[in-house]
Amino acid sequence: MSETADRVKKIVVEHLGVEAEKVTEDASFIDDLGADSLDIVELVMAFEEEFGVEIPDDAAEKIATVKDAIDYIDSKQ
Amino acid sequence: MRRVVVTGLGMVSPLGGDVETTWKNIIASKSGAATITRFDASEYKCRIACEVKPADHEYGYDAGLDVDHKIQRQVDPFIVYGISAASQALRDAGLDNMSEEERLRAGCSIGSGIGGLPGIESESLVLANKGPGRVSPHFVHGRLINLISGQVSIKYGLMGPNHAVVTACSTGAHSIGDAARMIAMDDADVMLAGGAEGAICPIGIAGFAQARALSTAFNDQPEKASRPYDVNRDGFVMGEGAGVVVLEEYERAKARGAKIYAEVIGYGLSGDAYHVTAPHPEGNGGYRSMEMALKKSGLSLADIDYVNAHGTSTPLGDELELGAVKRLFGEHLSTMSMSSTKSAIGHLLGGAGAVESIFCILALRDQIVPPTLNLDEPSESCKGVDLVPHVAKERKVRAVLNNSFGFGGTNASLIMKAV
């Protein structure tokens, strides 16, 4: 697993209060991890802080799964 | 008018994460006061508070029992305390699993005096230091006062009235009184009612200290600081937590064989129309709210055995309440007892009237009245009043009166009796 993936998953576990095993790369924030739209806004903010990247609203709207987040962050680093 | 009874109790306090632990500690004359741990208060005029203790403490509170991890992260402590107390109360009443039909007639009236002050403070710093794009998307609904009622209604599917009182330190008592009326007026059959506070944060302590409301002379002896009616009292000690009761229409409670703690028989409310922080110099507002509650109750003064006083330990407030109580009770003073449990758990502000109403109910149940701690040297005007100094007292308790008075000159009194 990439270093980005590890850090993303850690943030997801912390923010959504879900078990680490549930945070697979295919997991959908809303359908599988119990997030609502505001939780995703908060997660995106946490990713921005953690990785020092900026994720504009139109990009954030396309982040539906854990893998989407990891790929976006990797593409900006 | 439909009769309203109490069938469930829930509490988070500086002396316990539930009702029975808190009550046991109150009766054992324990104090919840200590040096502030939430932040470094060493440079503050007031460095003490009655904080809710962590889960690993002897009488600590475990938020995880009833509040999801995610919600704990997103909302202010007063909401977390409120959800816990409401959950306990519903379980205690055996109503945590109601049918849809019942839930359509069940509501919430759980308020707060101040609301999410710690979160307002911390997110303001985020705004100032990191800019608007870093403010939490949960900022607003994690701080709003009606969000205990909101969260609890979502958690348990309660679709009846959804209300939240905001009357400073009278909030808890007004919440119970207003909710009882909603049941009496047939707006609902079951109401979760109470109040919560969690304002022990830098701006909260600094603000109340600047208003000259907090005790500052006992920073080295925190347990001695809250001393209602004592000559050396010098202000209140800030507490935190929540109290919630289940109110239920009497015939419904009886029909389902519920445990009935007490009946809410009197509710009085008034305004001082005098000053934003100082009570009316003759205690007229408090007098009128007690008088109204008494009239509504249909009882006579001779029937009231215990008064849980507002008694915050401020020099002026205690004196004026005492004066009003003496004026109202007259010759019946000699047969009643009055105490301030704020001596043990501090002032829970918006939660005070609710937790203190629960103490009144437990006094009815156990026929024992809780003590006023630290009453070493009662002030002159205490003569002739049994203020239950230092230790709890077993006695006959048939009916109880709870007083709550708040900034803005807002007063509420509740009278309850055994059924």
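**Figure 1. Area buried between domain 1 and domain 2 of chain B in the predicted model**. The figure of about 1,100 Å² belongs instead to the area buried between chain B and chain A. Buried area is the accessible area (1.4 Å probe) that two parts lose on being put together, summed over both. In domain 1 of chain B, Trp23(B), Cys169(B) and Tyr229(B) lose the most area to domain 2 of chain B, and together they account for 20% of what that side buries. The model is predicted: local features need pLDDT of at least 70 and side-chain atom pairs count only at pLDDT 80 or more, whereas totals for chains, interfaces and linings use all residues. Residues are numbered from 1 along each chain as its sequence is written, chains are lettered from A and ligands numbered from 1 in the order in which they are written, and side-chain values use heavy atoms, with hydrogens and water left out.

**Figure 2. Domain arrangement of chain B**. The domain assignment, which is automatic or taken from a database, gives domain 1 (2–254) and domain 2 (267–415). Their C-alpha centres lie 21 Å apart. The contact (heavy atoms within 4.5 Å) takes 63 residues from domain 1 of chain B and 63 residues from domain 2 of chain B. An unreviewed UniProt entry annotates residues 1–418 of chain B as "domain: Ketosynthase family 3 (KS3)"; such annotations may be inferred rather than shown by experiment. Over residues 1–418 the chain is 34% helix and 18% strand, where helices (H or I, at least four residues) and strands (E, at least two) are DSSP runs numbered from the N terminus.

**Figure 3. Polar and charged pairs between domain 1 and domain 2 of chain B**. Between the two domains there are 4 salt bridges, each defined as a side-chain nitrogen of Lys or Arg within 4 Å of a carboxyl oxygen of Asp or Glu. Arg233(B) forms a salt bridge with Asp318(B), with the closest N and O atoms 3.4 Å apart. Elements that give two or more residues to the domain 1 side include β1 (4–12), α1 (19–27) and α7 (171–184) of chain B. The most come from α7(B), with 8 residues. By class, this side has 30 nonpolar, 21 polar and 12 charged residues; Ala, Val, Leu, Ile, Met, Phe, Trp, Tyr, Cys and Pro count as nonpolar, Asp, Glu, Lys and Arg as charged, and the others, Gly among them, as polar.

**Figure 4. The salt bridge between Asp189(B) and Arg2(B)**. The side chains of Asp189(B) and Arg2(B) meet at 2.9 Å, N to O. Asp189(B) is in the loop between α7 and β6 of chain B, Arg2(B) is in the segment before β1 of chain B, and the two are 187 residues apart.

**Figure 5. The contact of chain B with chain A**. Here 12 residues of chain B are in contact with 15 residues of chain A. Carbon and sulfur atoms give 46% of the area buried between the chains. In chain B, Lys70(B), Arg73(B) and Arg134(B) lose the most area to chain A, together 50% of what that side buries. The chains share 6 salt bridges; in one of them, Asp39(A) pairs with Lys70(B), the closest N and O atoms being 2.6 Å apart. The largest share of the chain B side, 4 residues, comes from helix α2 (residues 69–74) of chain B.

Methods:
A polar contact is a pair of N or O atoms within 3.5 Å; within protein, one must be able to donate a hydrogen and the other to accept it, and residues adjacent in sequence count only if both atoms are side-chain atoms.
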